[in-house]
Amino acid sequence: MDADRAPRRLRGSGLRPVNRFGGPRRAADPDHAQDGPQGAAWLEDPSTRYIPDRSRSIVSTNDSPDIGFRHSVNPYRGCLHGCSYCYARPTHEYLGLDAGLDFESTIVYKPEAGSLFREFLARPGWTAETVVLSGVTDPYQPVERSLGLTSACLEAAEEAGQPVSVITKNALVLRDLDRLARMAARGLAHVNVSLTTLDAELARRMEPRTSLPAGRLEAIRALSAAGVPVRVMVAPVIPGLNDSEIPAILAAAAEAGARSSASILLRLPMAVGPIFLEWLDRTMPARRARIEGLLRQTRQGRLNDPRFGSRMRGSGEIATRIRALHDLFARRHGLDRPLPPLDPSGFRPPAGPGGQRRLF
């Protein structure tokens, strides 16, 4: 990698794309730069800010046939991990922010996440269907270390006997190892660990602020040893970049104790397309044309295919070959089985604010 192409150490996006809903657009004003290029550093490498969200809802529901769950809890909006490819980036536009640098430098959090989840579980008619933590942004992104919002949600779930499935790429999940082990012993918890590469240098470029591959493998190992069922997720698979690593990733995950695997082809909805292509230009310009060309071959010439049934899988020979490669090595390593089903039979609504539980 050329020195002048070295990526910024801790940010994934180099863009502030225009919000598709309109609104103000920010740009650096060189006439007001006080210290040369550093005067506009906020545009290129802004400091992180945290904004509390006082909304009274915590559980999101979807009816997408492409997604294997209906309910999810998202304590955070935006993600410090800064993955250039993140499909969730456009969700920041609903907040009047941009999908680029804002997404990874302006984190909106729900300080009452645990109590809001407990209130949700106490609602009449809730039947303890599995809830995913988190369906959008990573529940164990670095700020969780200080805020503990995901831990508070798990505490509420354990108290109520509510089944949860965690999705993360951060070894910080091990902070809740004891609780997850207790819940798993009751059939209440799965963990899905995203492992996109075994190459530490590539991981640091591609996913700047999350755990390196060795840390994620250690998380799989520790969770599995504690009895927590773990699925490894090779997600996203980027043709021409990490697809060749699928056999090695699955072998390493199986050796660490994972019980199941899944793969999802890269998808680049809306502003994510230009953000990802800019990242390729900036970090590996010599490979950009080939990776983009292969990706377009899986999306009928486009960067994204939003159609249900296709958006997660792609189409064409390359997409078919990637699925076959995953399935072959998943079978070889015993990862082609589903995780054991979660058990909602012990669910009991948590106590309300006055300590009174629901009778029925």
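# A walk through a predicted model

Of the 360 residues of the protein chain, 53% are buried. Keep in mind that this is a predicted model. Show the cartoon first: the chain has 12 helices and 10 strands.

**Stop 1: helix H5**

Select residues 149-160, which form helix H5. H5 has 12 residues, and its end C-alpha atoms are 17 Å apart. That agrees with the 16 Å that the helix should span at 1.5 Å a residue. Is H5 enclosed or open? Nine of its 12 residues are buried, so H5 is largely enclosed by the rest of the structure. Colour the buried ones: Leu149, Thr150, Ser151, Cys153, Leu154, Ala156, Ala157, Glu158 and Ala160. Then step on to glycine 161, which follows H5 and has a positive phi, near 75°.

**Stop 2: helix H12**

Next, select residues 316-332. This is helix H12, with 17 residues. From its first C-alpha to its last, H12 reaches 25 Å, close to the 24 Å expected at 1.5 Å a residue. Show the side chains of Ile318, Ala319, Ile322, His326, Phe329 and Ala330, the buried residues of H12. They cover an arc of only 110° around the axis, so they sit on the same side of H12. An α-helix has 3.6 residues a turn, so residues three or four places apart point the same way.

Turn the view to the face away from the buried side of H12. What covers the buried residues of H12? The cover includes strand E9 (230-237), H9, strand E10 (260-265) and helix H11 (285-297). Just after H12 comes glycine 334, with a positive phi of about 70°.

**Stop 3: helices H8 and H9**

Select residues 213-225 for helix H8 and 246-256 for helix H9. The two pack at an angle of about 35°, with their axes 8 Å apart. On the H8 side, show Leu217, Ile220, Arg221 and Ser224. They meet Ala252, Ala253, Glu255 and Ala256 in H9. The residues of this contact between H8 and H9 divide into five nonpolar, one polar and two charged.

**Stop 4: strand E9**

Go to valine 234, found in strand E9. Is valine 234 buried or exposed? Its relative accessibility is 0%, so valine 234 counts as buried. Leave aside its neighbours within four places in sequence. Valine 234 is then in contact with Leu195, Ile246, Ile249, Leu250, Ala262, Ser263 and Ile264. Now pick the C-alpha atoms of valine 234 and threonine 196. These residues are 38 apart along the chain, yet their C-alpha atoms are separated by 5.2 Å.

Proline 236 is also found in E9. The peptide bond from alanine 235 to proline 236 is cis, with omega near 0°. For another cis bond, jump to leucine 133 and serine 134, where omega is about 5°. Serine 134 is in the loop between strand E6 (131-133) and helix H4 (144-147).

**Stop 5**

Select glutamate 93, in the loop between strand E4 (76-77) and helix H2 (101-105). Its relative accessible area is 3%, so glutamate 93 is buried. Beyond neighbours within four places in sequence, glutamate 93 is in contact with Val18, Asn19, Arg20, Phe21, Ala99 and Ala271.

Now try glycine 68, in the loop between strand E2 (59-61) and strand E3 (71-73). Glycine 68 is exposed, with a relative accessible area of 84%. Glycine 68 and valine 132 are 64 residues apart in sequence and 9.8 Å apart in space, C-alpha to C-alpha.

Move to methionine 270, in the loop between E10 and helix H10 (272-283). Methionine 270 is not a glycine, but its phi is positive, near 50°.

**Last stop: the cysteines**

How many disulfides are there? The count comes to zero. Show the sulfur of cysteine 79. The nearest cysteine sulfur, that of cysteine 83, is 6.4 Å away, while a disulfide needs sulfur atoms within 2.5 Å. Cysteine 79 counts as buried, at 6% relative accessibility. Cysteine 86 is in no disulfide either; its nearest cysteine sulfur, that of cysteine 83, is 6.3 Å away. Cysteine 86 is buried too, with a relative accessible area of 14%.

Note on methods. Residues are numbered from 1 along each chain as its sequence is written. This is a predicted model: local features need pLDDT of at least 70, side-chain atom pairs count only at pLDDT 80 or more; totals for chains, interfaces and linings use all residues. Side-chain values use heavy atoms; hydrogens and water are left out. Axes are lines fitted to C-alpha atoms, for helices over the stretch in contact, and angles run from 0 to 180 degrees between N-to-C directions. Helices (H or I, at least four residues) and strands (E, at least two) are DSSP runs, numbered from the N terminus. Contact means heavy atoms within 4.5 Å. Ala, Val, Leu, Ile, Met, Phe, Trp, Tyr, Cys and Pro count as nonpolar, Asp, Glu, Lys and Arg as charged, and the others, Gly among them, as polar. The expected span of a helix is 1.5 Å times one less than its number of residues. Buried means under 20% relative accessible area, exposed over 50%, partly exposed in between (1.4 Å probe, protein chains only). The arc is that of the directions from the helix axis to the C-beta atoms.
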